[in-house]
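Here is a short report on selected side chains.

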Amino acid sequence: MPLRLDIKRKLTARSDRAKSVDLHPTEPWLLVSLYSGTVVVWNHETQMMVKTFELCDLPVRVARFVARKHWVIAGADDMQLRVLNYNTLERVYMFEAHADYIRCIAVHPTQPYVLTSSDDMLIKLWDWDRKWTCSQVFEGHAHYVMQVVINPKDNNQFASASLDRTIKVWQLGSKTPNFTLEGHEKGVNCVDYYSGGDKPYLISGADDHLIKIWDYQNKTCVQTLEGHAQNVTCVSFHPELPIILTGSEDGTVRVWHSNTYRLENTLNYGMERVWCICGLPGSNNVAMGYDEGSIIIKLGREEPAMSMDSSGKVMWARHSEVQQANLKAMGDTEIRDGERLPLGVKDMGSCEIYPQTIQHSPNGRFVVVCGDGEYIIYTAMALRNKSFGSAQEFIWAHDSSQYAVREHNNAVKIFKNFKEKKTFRPDFGAEGIFGGFLLGVRSNSGLAFYDWENAELVRRIEIQPKHIFWSDSGELVCIATDESLFVLRYVQERVSAALDSKEEMTEDGIEDAFEVLGEIQEVVKTGVWVGDCFIYTSSVNRLNYYVGGEIITIAHLDRTMYLLGYIPKDDRLYLGDKELNIISYSLLLSVLEYQTAVMRMDFSTADKVLPTIPVEQRPRVAHFLEKQGYRQQALAVSTDPDHKFELALQLGELETAHQLALEAKSEQKWKQLAELATTKCQFSLAQECLHQAQDYGGLLLLATTSGNADMVGRLAEGAESDGKTNVAFLTYFMQGRLDKCLELLIKTDRLPEAAFLARTYMPSHVSRVVKLWKESLSKVNKKAADALADPTEYSNLFPGLQQALLAEQYLKETHVRVRPAAEYPLVTPNEDRNVVEEAAGLMPEGEIAVPEQVLGSMSETLIAPLVTETTCSAAAAAAEDEEFAPLEQEPSDPVSATEEKYFPNAPSPCPVTITEEHVEPEQAQSASNEEEMAEEDMIATSETSVSVEESVLQQSTTEMSDKEPDMVQPGPVGAVSSSVDTDVQETFPATDALPADCVSETETVSVAAAEEDALLSATLTADALIASEAREMANSEEVETDIHSSVVTPIADTAAEETEETPVTQELVSETAPSPVTVEELISFETTDNSVLDAPVPVQTLEALMIHDPLQDSLEDSMPVLKPVTEQEPQQEEQTVTLPVKSEDTTEPPALCPAEPEVPAPETVAPEGSEESAEDLEEELNDEVLDDLDLDLDTFDLDDIDTTDVNLDEDFMDE
């Protein structure tokens, strides 16, 4: 029968003509030298080319790996020998080695030597440790030396083949050959040594198409192999298998049996001529080079021929020699897992056949050797021949007295007591057979189980198995396929009943014969049953065992290992590799017995076995119990604190988990326990766990959901001290402790966030934070730092800052205690509140906390937001009643005098802004024409005008309270106003009499560049003023303009019999961006008693307005007298317009400038007592002003106006 060889192609690499091939001893690399002058390296596992060396343009006839130096040595037709590092791809050395083509390179296995042969008929020895010096030259051949090869059994001896038809054997150190072998009729192309220790053979191939086997000890030809049709180019003894490989120019590779010299196989891959063949010791891989590329094939099985019986005796075959080792002979030698065992090897003798498999009988008394299509049964003790026969496969039954063989694909023979019992032909053929409690036969249709006694079909399964493993009890069976593993239970009772009754038999056998227990998605290489545990090695080199649906990994293997068996007495598992090394791993029998008892639900036996399990193995048992659903038992068995804690959490045992957490002191465990305690409503335990875990986020959640305000407070301090700034900030914010939030942001260098927090919630701290921000940012980017605006320097960029300051003070004074959740429905939501409106009605207990820098800048900048409010007491109202007698009032809308005013009643929290329209040129001309006509009436009725105006103001106060949000436009007369020529502090020096109940309301002054210094020589009558303003407010819409006007103290009058307080509020409107043209209005009042020089009133700071009350002073003193002044031209010097603050000697009145938008003036009805209408008077005044207007607004400056000698009252009197 032919030799059983499995041949599988592993790599096909198409390329130019391959002149030589070589396999790396450790890496999956194939080295190929090409006729084109290139050397390439292929990875035969990934099928990829990994390295390329372009050496020259001439053929590279040979290349070899030097693995211990990480080199590739190549010889080419340019006579150069090149040494390359295959890791760095660098050339290490290059020199001219011969005078002709280099044909072959042989690397010494231990010494730093390299042998080269060439067409110059020389063989040279090179020593790379001596810088590649030539140590020796061997001369003797008369033609090209085609190949040299070193004897693997004697490294100082080598053989050479030459076209002079001879093979010479040489010795290192000798210049002459030891002997010469002659026999070929043509040139010899190749030669190789037999690597086995039993035969001193050489093989050679020549151009005479013959292969000759030589005995180099007897110097005779042992055998001549014929069969090739062309020149034989390469020959090789396989280093592992009993085969000879020969290649020829006929394109075939022939496989010969090395013992019988029988032709076993012929390989033809259609790639033209074969040039080279290379095998690798310790591997079944063979590389071949062709005209069109290279190929790697795998011959035979990688699994070694090894077997172990139940007593620990291991037998294996090394080539044709059988050896034995006894594990008991090691005695008390310490054995470590995964380490090679130091075994004593005993030679059992040579086998008549080449062993491909060795297998012990179940009882260990016999051992069978299969190979070459034959089997031989030996006694295990002395290796005596017991029986033999022809067979492609041999299997043992569960009973050692029975076995079966498969001679071919159609028949199976069953033997009992070494005698043939039965021969049967399976219905679907027999491609493979499997032993055990049932006889398994594999065919194209699937797997069929037969009874050993009668060869009757038990069950047919549609599966293609590779291995079948039966347990010792015969109850469990494992079927391994190419993709997965199936575990089945064999039900013997059902099978026996069915075989007896013959009723449940079908064409597929007995359907209930097997029960599927599980499926494992792993590829099993080898396996063995121990009880109900199946131990196996997988394709990914893991040693696992399967029990109860659970896979437990015993070890990760560094190479492919094959299971030999398990010795219960040693509690160890033994494995072997293809180099015939044996290793072991510890696997306690008590653990396996306990798991087997649990699987069989025999808990009494499990309880008895448990005490015998060592403590270090308890966690493994506990994991097994957990997988089976016995968590309570697993908790009792486990000794691993982490596993016990997990089990306690799963079982909900808080006390056990708490105790384990205390011992472990693990933050993660405390968090897990806190979560469980929360779900169990054990909040005190949850709080403790969160505290132990330093989980401030969880503590905050617990504190807020439980409504524990004290805990929130303590949490904030603890979180800040421990650096948990996010939680600390959130906690402070929830408590309303904004100062803490701000300081926390500053402390953590989050200055941008701090600035925005201060701008939003604490505007009084904006300047301080911005300063810190600028200092910090200037270290990184000075330009970016300079771009930050500070309210102390750029108050115009912060509109509404004063309202925000008032709102901050309001919120601080109205802050209440922390409210319980029960009051939530009673609290107004924040989105429904308007804090600015609420703060408008605030009467602060003290002065609003505004930085002095902010206040100082407000008095110096062009646009300054101010906060003022004045509430007059009843005493002040009474004083007014004594001095001024009320006149009869006309009903009208809220009055807008020449200055913007509004008069909300006391309960109103929000001021009303009355924005003044710009004066049109037509209106100014009309006012100028009527100016002279109204002078006498104005002088005559000055006192009456004042009293009438006061009456109207008193009436309008009540009407304005309901229309606070509306913007009121003044009439045409409102385009002209007077300016007091002296500071308010000088005009009204008495400020100590300010009532305590007078507070500040928002008042904004926006001062723009005046275009001309207008001299007013006429005064409107009170009736005309009241009527024009009433009509204007009734008909106009809201129009916001930039108005810059000086503050003039309003005078309010009340009836003698009224005793209520009348709040008088002034608002000076300011816009951030001033309009191109603004109007500054001047207003003047006169009495018959005295007169006051008009002067521009400087913009007052909050503090100044709260201390000085011009209204109170004016009421205590006599009324001012309006005096005429002379007209002066303005000067143009500076482009930047500022609001000057002058002393009384240099006070200058601001000038008028025409309005930019053209707004038609509403019609006005002149009140009684006036000779001309208000519109005519306004147009006359405006025309006079515009006639004298000759300004450059870009260079205009109020400081240049000199109004020292101007007195409006004198001009009026002169007229």
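## Aromatic pairs

The structure holds 35 aromatic pairs. Rings of Phe, Tyr and Trp (its six-membered ring) pair if their centres lie within 6.5 Å; planes under 30 degrees apart are stacked, over 60 edge-to-face, and the rest tilted. Tryptophan 128 and tryptophan 132 form a tilted pair, because their planes stand at 45 degrees, with ring centres 6.1 Å apart. Tryptophan 132 is buried at 6%.

Phenylalanine 138 and phenylalanine 158 have planes at 75 degrees and centres 5.1 Å apart, so this pair is edge-to-face. Both residues of the pair, phenylalanine 138 and phenylalanine 158, are buried. Ring pairs also join Phe366, Tyr375, Phe394, Trp396, Tyr403, Phe415 and Phe418 into a cluster.

## Charges over rings

A charge sits over a ring if NZ of Lys or CZ of Arg is within 6 Å of the ring centre and within 35 degrees of the ring normal. Lysine 19 lies over the face of tryptophan 275, 3.9 Å from the ring centre.

## Arginine 254

Arginine 254 is buried but has no salt bridge (side-chain nitrogen of Lys or Arg within 4 Å of a carboxyl oxygen of Asp or Glu). Aspartate 250, the nearest side chain of opposite charge, is 4.8 Å away. The backbone oxygen of glycine 227 lies 3.0 Å from a polar atom of the arginine 254 side chain.

## Basis

This is a predicted model: local features need pLDDT of at least 70, side-chain atom pairs count only at pLDDT 80 or more, and totals for chains, interfaces and linings use all residues. Residues are numbered from 1 along each chain as its sequence is written, and side-chain values use heavy atoms, leaving out hydrogens and water.

Technical notes: Buried means under 20% relative accessible area, exposed over 50%, partly exposed in between (1.4 Å probe, protein chains only). Lys and Arg count as positive and Asp and Glu as negative; His and the chain ends are not counted. A polar contact is a pair of N or O atoms within 3.5 Å; within protein, one must be able to donate a hydrogen and the other to accept it, and residues adjacent in sequence count only if both atoms are side-chain atoms.
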